[in-house]
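Subject: A structure for you to explore

Hi there,

Here is the structure I promised to pass on to you.

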Amino acid sequence: MKFARLLMLILCMLILTVPGFAQDQESNENIPVVAILKFGDAPALNLAEQGILDALTAYGYVEGDNIQLIVEQAELDINIARDLVAFVLDRDVDVIATITTPVTITAVEATRDMENPPAIFFNTVTNPYAVGIADTSCFKPEHVTGSQTQTPYSSIFPVLLDIDPTIEMVGVLYNDAEANSVLSVEIIESVAEEMGIDVLVQSVANQNVVLPAAESLLMSGVDAIFVPTDSTVASVMLELSELAALASIPLVSASSVQVYNDATVGIGLDYYQEGLDTARLINSYLNGELDIARTAINAQTGVVSGINLDAAMQQNVELSTDFIATADFVIENGESTEDTPSVPEMTLEERMEADMAFLAELECTSERIAEEQATLDAQSE
């Protein structure tokens, strides 16, 4: 599969040399080229991508008419992510929308020293400051901004006791090559310590070792499995759910959409909104209304919760009526009560007005810059 992806990239590059294709490119040279790159095929990441595409359509963009789109995913492989970034840079794209921390780091590193880099708008990045993407919301590369997904583990992890008050030890799976996952686990361990819950952590290098790692956790007697915002582990949630069912323990995810992959409970950020906000930035930039250098990194904080009663039954997990009532949506008998995510209905004028208010909150004013500089100075002392 990875070889096929690399072969496809090579073929795409060769196509650029075909005369007919070159003529088509010339005829469309004034159309902006936007690349959307995500780390892999996972529900949360797909929602973020779909939010971007839906919102761009709502703004009136039509593929081949007034925009050219390149939409690719790296199959959870950092080497493919590097190849994709190199590929779109060769295409002289105007904008790169990056989904996840690994892809964002790759794109920022590849463009940091470019004289005229494309604009980079990122989302689903847990902590852009800890991984070197930015120093503060306003102190960052001038061509980069985006949205930080501040997953509220302090309120998500305690839900485990709402599911089962007798839980004493929780197994956590994560890929230690994903910087966002490493940071998430550090927060989870701190929250668990305050709660008096033991955490048994297993790191994985790729998809192939997730299930053996989970089996090791089960043999150690964990009372539940918790999955942070990790693309690698999320890609095998269905298989993890089967293991949880065999052990009769709950499988909890820091992403609501994972209940569609048989997590017992999922509570996490609104990734579709992540996509909508990214499209806001892209549209404003293409319209010449956005100065990226003076646009702060946004913080996404809203959460969505889901419960899969079918999975709970398979896992022999009993959920109280009161707890079920707290969920934003429930899956039962294969049917979900969740509405299909969609762009809020409004006129283009209303949309633009809402966007201006959104961007005003992100302006790196002189006062905001001074405050952040003072914070940086204090940290360096």
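What follows is a short tour of the aromatic pairs and salt bridges. Please keep in mind that this is a predicted model.

Let's begin with the rings. A pair of aromatic rings is described by how far apart the centres are and by the angle between the planes. The count here comes to 4 aromatic pairs. Take Phe157 and Phe226: the ring centres are 5.2 Å apart and the planes stand at 70 degrees, which is over 60, so this pair is edge-to-face. Phe157 sits in the loop between α6 (153–156) and α7 (159–163), while Phe226 belongs to strand β8 (residues 224–227), so the pair links distant parts of the chain, 69 residues apart. Together with Tyr153, Phe157 and Phe226 form one aromatic cluster.

Now look at Tyr260 and Phe329. Their rings are stacked, with 5.6 Å from centre to centre and 15 degrees between the planes. Tyr260 lies in the loop between β9 (251–253) and β10 (265–269), and Phe329 lies in strand β13 (residues 329–332), so the pair ties together parts that are 69 residues apart in sequence. Tyr260 is partly exposed at 39% relative accessibility, whereas Phe329 is buried at 2%.

Next come the charged side chains. Side chains of opposite charge can pair when their charged atoms come close. The structure holds 4 salt bridges. One of them joins Glu49 and Lys38, at 3.1 Å from N to O. Glu49 is in helix α3 (residues 43–58) and Lys38 in strand β1 (residues 33–38), so this bridge ties together parts 11 residues apart in sequence. Glu49 counts as buried at 13% relative accessibility, and Lys38 counts as buried at 7%.

The side chains of Arg280 and Asp355 meet in a salt bridge at 2.8 Å, N to O. Asp355 is in helix α15 (residues 348–360) and Arg280 in helix α12 (residues 271–286), 75 residues apart. Which residues make up the network of salt bridges that includes Arg280? Asp277, Arg280 and Asp355 are linked in it. Arg280 also lies over the face of Phe358, at 4.4 Å from the ring centre.

Finally, Arg368 forms a salt bridge with Glu372, with the closest N and O atoms 3.6 Å apart. Both are in helix α16 (residues 366–380), separated by about one helical turn because they are 4 residues apart.

Happy exploring!

Definitions and conventions. Residues are numbered from 1 along each chain as its sequence is written. This is a predicted model: local features need pLDDT of at least 70, side-chain atom pairs count only at pLDDT 80 or more; totals for chains, interfaces and linings use all residues. Side-chain values use heavy atoms; hydrogens and water are left out. Rings of Phe, Tyr and Trp (its six-membered ring) pair if their centres lie within 6.5 Å; planes under 30 degrees apart count as stacked, over 60 as edge-to-face and the rest as tilted. Helices (H or I, at least four residues) and strands (E, at least two) are DSSP runs, numbered from the N terminus. Buried means under 20% relative accessible area, exposed over 50%, partly exposed in between (1.4 Å probe, protein chains only). A charge sits over a ring if NZ of Lys or CZ of Arg is within 6 Å of the ring centre and within 35 degrees of the ring normal.
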